[in-house]
Amino acid sequence: MSDAPFPSALNKPPGYNDPNSPAGFKPPPRKPVLPPSFRPKKKKGSVCCCCFCISFSILIALIIIFAAVFYFSVNPKLPRFHVRSFQIPRFNVTETPDGTYLDATTMTVMEVRNPNGKMTYYYGDTAVDISVGEGEDETQLGTAKVPKFTSRKQNTTSLKVETKASNKQVDNTLANRLLSGYKSKSLAVNVAARTKVGVGVAGLKTGMLGVTVKCKGITMKQLDGDDMPNCLIHTLRW
């Protein structure tokens, strides 16, 4: 019978002190081996983010510089709108058993001035609403369409608008107040124009922007005296 094989040395558990080792000797600690998913990776995102922020800041600075150069070289100014004249050739109030009716015809001339020496304004089709009276007395007298037009540099364009209101039923008291204001020329006139406008500079043309022009509370007596108050311009508001 052959001798049994001598058992191999067993692995010592962590922290085991060999009594045969020299006094005070401690084996160096073994560095733990981490799986690949736990190994730290180099951070590249912060470098990319920094480069993006620098590029974006440079782009914003260039846009600001370009805008400043454009403003001081072109010196852009808003267009100016006026109501040049307003007439009501016909204004009749008819009382019947069924109610009170208004028949009116209006003729309005608006002036559009471009004060710029280096900019051209391009206008799309324009809808013009005409009304008379103020506050709760305001009464619509029709809407007219004006075809698209161009306002050249330092030029004035006249727009003729005609509207008509036929058999418009109104309150009897209101009709009498409007008729009294019409006869005394104290009747307030309101003109509202809705259009789109684009700008042309140095051969370049921008897109169209929605614009509303409002001329409110102008009396017929003021217009007869050649008084032309400025109209208000609202962008992106209808």
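View 1. By the rule used here, the count comes to one cavity of 30 Å³ or more. A cavity is a set of points, on a 1 Å grid over the protein atoms alone, where a 1.4 Å probe fits but cannot get out. Grid points are joined across faces, edges and corners, and a volume is the space filled by probe spheres set on the points. The largest cavity has a volume of about 50 Å³. Its lining consists of Phe81, Met110, Tyr123, Thr126, Phe149, Leu159, Ala193 and Thr195. A lining residue has an atom within 4 Å of a point. Six of these lining residues are nonpolar, two are polar and none is charged. Here Ala, Val, Leu, Ile, Met, Phe, Trp, Tyr, Cys and Pro count as nonpolar, Asp, Glu, Lys and Arg as charged, and the others, Gly among them, as polar.

The model is predicted: local features need pLDDT of at least 70, side-chain atom pairs count only at pLDDT 80 or more, and totals for chains, interfaces and linings use all residues. Residues are numbered from 1 along each chain as its sequence is written, and side-chain values use heavy atoms, with hydrogens and water left out.

**View 2. The whole chain.** The protein has three helices and 11 strands. Helices (H or I, at least four residues) and strands (E, at least two) are DSSP runs, numbered from the N terminus. From that end, the order is α-β-β-β-β-β-β-β-α-β-β-β-α-β. Of the 238 residues, 30% are buried. Buried means under 20% relative accessible area, exposed over 50%, and partly exposed in between (1.4 Å probe, protein chains only). Take the contacts (heavy atoms within 4.5 Å) with a separation of 6 or more: residues 24 or more positions apart account for 69% of them.

**View 3. The second largest pocket.** This pocket has a volume of about 200 Å³. Its lining has 14 residues, and the closest to its centre are Leu78, Tyr121, Val197, Leu209 and Thr235. Strand 8 gives the largest share, three residues. The lining divides into 10 nonpolar residues, four polar and no charged. A pocket is an open set of points with protein on both sides within 12 Å along at least five of seven lines.

View 4. The structure holds one disulfide, a pair of cysteine sulfur atoms within 2.5 Å. Cysteine 215 and cysteine 231 form the bond, with their sulfur atoms 1.9 Å apart. Cysteine 215 sits in strand 10 and cysteine 231 in the loop between helix 3 (220-224) and strand 11, so the pair ties together parts 16 residues apart in sequence. The torsion about the S-S bond is about 105°, so the disulfide is right-handed. Both ends are buried: cysteine 215 has a relative accessible area of 2%, and cysteine 231 has 9%. Leaving aside neighbours within four places in sequence, cysteine 215 is in contact with Val83, Met110, Val189, Asn190, Val191 and Cys231. Cys215 also belongs to the largest nonpolar core, which has 40 residues. Along with Phe86 and Val191, Cys215 is among those with the most contacts inside that core. Such a core is a set of buried Ala, Val, Leu, Ile, Met, Phe, Trp, Tyr and Cys residues joined through side-chain atoms within 4.5 Å.

View 5. Glycine 198 lies in strand 8. Glycine 198 is buried, at 0% relative accessible area. Beyond four places in sequence, glycine 198 is in contact with Thr120, Tyr121, Tyr122, Thr206, Gly207 and Met208. Threonine 108 is found in strand 2 (residues 99-114). Threonine 108 is buried, with a relative accessible area of 2%. Not counting residues up to four places away, threonine 108 touches Val83, Ser85, Phe86, Ile130, Leu159, Lys160, Val161 and Val191.

View 6. Most residues other than glycine have a negative phi. Asparagine 167 is not a glycine, yet has a positive phi of about 50°. Asparagine 167 is in strand 7 (residues 155-170) and is exposed, at 55% relative accessibility. Lysine 185 has a positive phi of about 60°. Lysine 185 lies in the loop between helix 2 (172-184) and strand 8. Lysine 185 is partly exposed, with a relative accessible area of 39%.
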